[in-house]
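Let's take a friendly walk through a protein model together. Have a look at the sequence and the picture first, and then read on.

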Amino acid sequence: MALSTRQEKILAFVGKYRDERGYPPTIREIQEELDISSTSVVDYHLKVLQREGYLERDPSVSRGMRLTKQARGHLGVALPPSVSIPVLGLIAAGEPIPVLDSDASAFEGERIDLTRDILRDAEGTYALQVSGDSMIDALVNDGDIVIMKRPTEVRDGDMVAAWLKNEQETTLKRVYREGDRIRLQPANPNMAPIYIPAPDVEIQGKVVLVVREL
């Protein structure tokens, strides 16, 4: 199916925006840039582009769209040689820490650039700096940067950022489901696991890469 002129313009704008900023535009930004009457019209055209294999979309995320290889070939655009990932703050590898104590403001605007041979797909990823040594046996040390991906699936043994809802704290641990509770397991023999009722834990990200500054 041939794309309409409007669909071609939307596709080109998504690609240009993504390459310049490191993340895709929102539906409203597409509407405003291309002077489209409503966001529902934009959504219709995005669904066509998705159906025809030009876009991959995650409807649960405001910027959840990605150009496919087919789209980049259509536009004659190569993948950029590197990806830029935002550093959002600290993650505790030890005792959980309140998010407000993570001093995220210290990281405002900070990004880490990685070549595509290290991390090819940066969609849905962000970076956190590790504070503590509870994961040293997993080769994650104090001060390391962990690259996190918002999870679609989490398996037992995955290293995750776990948000403890009642405590309003977050921690980096391996996760295991044990009946109606979650075991958050450190990778340090001197530290005990944390047991939390399953409804009280939210997995906010899964580690896909560890970056160490030598």
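Strand β8 (residues 159-164) pairs with β12 in the antiparallel sense, over 5 bridges; two strands count as paired if DSSP finds at least two bridges between them. Within β12, Val201 is the bridge partner of Leu164. Strand β7 (residues 145-149) also pairs with β12 (residues 201-211) in the antiparallel sense, again over 5 bridges. There, Lys149 has Lys206 as its bridge partner.

Before going further, note that this is a predicted model, in which local features need pLDDT of at least 70, side-chain atom pairs count only at pLDDT 80 or more, and totals for chains, interfaces and linings use all residues. Residues are numbered from 1 along each chain as its sequence is written, and side-chain values use heavy atoms, with hydrogens and water left out.

The chain holds 4 helices and 12 strands. Helices (H or I, at least four residues) and strands (E, at least two) are DSSP runs, numbered from the N terminus. Of its 214 residues, 41% are buried, where buried means under 20% relative accessible area, exposed means over 50% and partly exposed lies in between (1.4 Å probe, protein chains only). Among contacts (heavy atoms within 4.5 Å) between residues at least 6 apart in sequence, 60% join residues at least 24 apart.

Now for the helices. Helix α3 (residues 39-51) has 13 residues and reaches 18 Å from its first C-alpha to its last, close to the 18 Å expected at 1.5 Å a residue; the expected span is 1.5 Å times one less than the number of residues. Which residues of α3 are buried? They are Val42, His45, Leu46, Val48 and Leu49. Seen down the axis of α3, these buried residues fall within an arc of 155 degrees, so they line one face of the helix; the arc is that of the directions from the helix axis to the C-beta atoms. On the other side of α3, Ser40 and Arg51 are exposed. The buried residues of α3 pack against α1 (5-21), α2 (27-34), β1 (55-57) and β2 (65-67).

Axes are lines fitted to C-alpha atoms, for helices over the stretch in contact, and angles run from 0 to 180 degrees between N-to-C directions.

| Helix pair | Angle | Axes apart |
|---|---|---|
| α2 and α3 | about 105 degrees | 9 Å |
| α1 and α3 | about 85 degrees | 10 Å |

Angles under 35 degrees count as roughly parallel, over 145 as roughly antiparallel, 65 to 115 as roughly perpendicular and the rest as oblique. α2 and α3 are therefore roughly perpendicular to each other. Their contact is made by Ile27, Arg28, Ile30 and Gln31 of α2 and Thr39, Val42, Asp43 and Leu46 of α3. α1 and α3 are likewise roughly perpendicular to each other. Here Arg6, Gln7, Ile10 and Leu11 in α1 meet Val41, His45, Leu46, Val48 and Leu49 in α3.

Finally, find Glu123 in the loop between β5 (111-115) and β6 (125-131). Is Glu123 buried or exposed? Glu123 is buried, with a relative accessible area of 16%. Not counting residues up to four places away in sequence, Glu123 touches Arg18, Pro24, Met65, Arg66 and Lys149.
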